[in-house]
Amino acid sequence: MPLRVAADAIGYLPFSVMDAGASRLLLTDGATRKQVAFFLAVATFLVAGTLALIFVPSSFGMSSMMGSGPDLPLNVPGGGTAGYGHNPPGAPSPAPLASSSSTATSTPTSSSSESSTSAAPRPPQDRPAPRPPRPNPGPAGPPVPSDTTALRGELRRLVNDTRSANGCGALQVDPRLQNAAQQNSDEPAGLSPQDQANGAGFPGSTFDELTAKGQTAANQVLQTWLNSASDKRILVDCQYRFAGFGLGDGFRWTLLMAA
């Protein structure tokens, strides 16, 4: 109520002042209407400004004058900060929000772990085992004399002596069987005794063969055959009458017999 009375009194004041001033100007200075209007406008502006300074700060708070802009932090006693009209002195400060930088940092970490997983080295592939070295064939043995006639003759003599001791006749050397036996000693073809003999031109169908390798003497060859029951049975078979004796490289011996 007192504020309303004061407002009415102050609202009436300008008109009284303006009336008094106008009357004074008209009576003392003889001013024109334009001068009176100017004076009234100035007086009105001054009165309105005075009223604004008196009533506006008391009717509206500081927050209304500052608007709805962002709260600005203020230093408060005891440390910390407070915004306008929000955090009073002594109130705990709100917990800071998680910064976006930490989230951004965790993303590259995850991507780098994925890239490291995808770039893991591949297991080595199975490779074929290296081939073992070839065995050394070793020396070919003592060389065979260029003329084997004496060695072959010695073997024929020992064989006939053995046959004679077992009641069989001596073997007669046939050139065709001799060629077949020598060819088998030089280059063994794996042919049967009959194929060898028939291929050399010797007719017939009853043939047999004895072979040996590595023995450098005729008596060693004979002893090898006698130590084998099957070879000895062939050697002393009395149905055979013709034979051929061969001796090739590596001391390969051949005895080809025909009935």
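Me: Why is Asp161 called partly exposed?

Reply: This is a predicted model, so the value is computed from predicted coordinates. Asp161 has a relative accessible area of 42%. Buried means under 20% and exposed means over 50%. The value for Asp161 falls in between, so Asp161 is partly exposed.

Me: What makes Asp161 and Arg157 a salt bridge?

Reply: Their side chains come to 3.4 Å, N to O. The cut-off is a side-chain nitrogen of Lys or Arg within 4 Å of a carboxyl oxygen of Asp or Glu. The pair meets it, so the name applies. Both residues lie in helix H5, four residues apart, about one turn of the helix.

Me: Why does Glu154 with Arg157 count as a salt bridge?

Reply: The closest N and O atoms of Glu154 and Arg157 are 2.5 Å apart. The limit is 4 Å, so this pair counts. Glu154 and Arg157 are three residues apart in helix H5, which means a separation of about one helical turn. Glu154 is partly exposed at 33%, and Arg157 is partly exposed at 41%.

Me: What makes Glu154, Arg157 and Asp161 a network?

Reply: Arg157 has a salt bridge with Glu154 and another with Asp161. Those salt bridges link Glu154, Arg157 and Asp161 in a network.

Me: How many salt bridges are there by this rule?

Reply: The count comes to three. One of them joins Asp174 and Arg176, at 3.2 Å from N to O. Here the accessibility labels are buried for Asp174 and partly exposed for Arg176. Asp174 has a relative accessible area of 10%, under the 20% limit, so the label is buried. Arg176 has 33%, which lies between the limits, so the label is partly exposed.

Me: How do you know that Cys168 and Cys238 form a disulfide?

Reply: Their sulfur atoms are 1.8 Å apart. The rule asks for cysteine sulfur atoms within 2.5 Å, so the pair passes. A search of the whole structure finds one disulfide.

Me: Why is the disulfide of Cys168 and Cys238 called left-handed?

Reply: The torsion about its S-S bond is about -70°, so it is left-handed. Cys168 sits in the loop between helix H5 (149–165) and strand S3 (172–173). Cys238 sits in the loop between helix H9 (229–235) and S5. The pair therefore ties together parts that are 70 residues apart in sequence.

Me: Why is Leu247 called buried?

Reply: Leu247 has 3% relative accessibility. The limit is under 20%, so Leu247 is buried. Leu247 is in strand S5 (residues 242–248). Beyond its neighbours within four places in sequence, Leu247 is in contact with residues including Val144, Leu151, Gln182 and Trp253. Leu247 and Asn184 are 63 residues apart in sequence, and their C-alpha atoms are 8.8 Å apart in space.

Me: What makes Phe38 exposed?

Reply: Phe38 has 60% relative accessibility. Exposed means over 50%, so the label holds. Phe38 is found in helix H2 (residues 33–59). With Val42, Phe45 and Leu46, Phe38 makes a nonpolar surface patch of about 470 Å².

Me: Which residues touch the most other members of the largest nonpolar core?

Reply: They are Leu155, Val159, Trp225, Trp253, Leu255 and Met257, in a core of 20 residues. H5, strand S4 (207–213), helix H8 (218–226), H9, S5 and strand S6 (252–258) each give two or more residues to this core. H8 gives the largest share, four residues. A second, separate core has eight residues, among them Ala180, Ala181, Phe202 and Phe207.

Me: What are the totals for helices, strands and buried residues?

Reply: The protein has nine helices and six strands. Of its 259 residues, 22% count as buried. The protein exposes about 18,500 Å², and carbon and sulfur atoms supply 59% of that.

Notes:
Residues numbered from 1 in each chain as written. Predicted model: local features only at pLDDT ≥ 70, side-chain atom pairs only at ≥ 80, totals over all residues. Heavy atoms only, no water. Patch = residues over 30% accessible without salt bridge, like charges linked within 9 Å, V, L, I, M, F, W, Y side chains within 5 Å. Areas by Shrake-Rupley, 256 points an atom, 1.4 Å probe, with all protein chains shown as cover. Buried < 20%, exposed > 50% of the residue type's maximum accessible area, 1.4 Å probe, protein only. Contact = heavy atoms within 4.5 Å. Core = buried A, V, L, I, M, F, W, Y, C linked by side-chain atoms within 4.5 Å.
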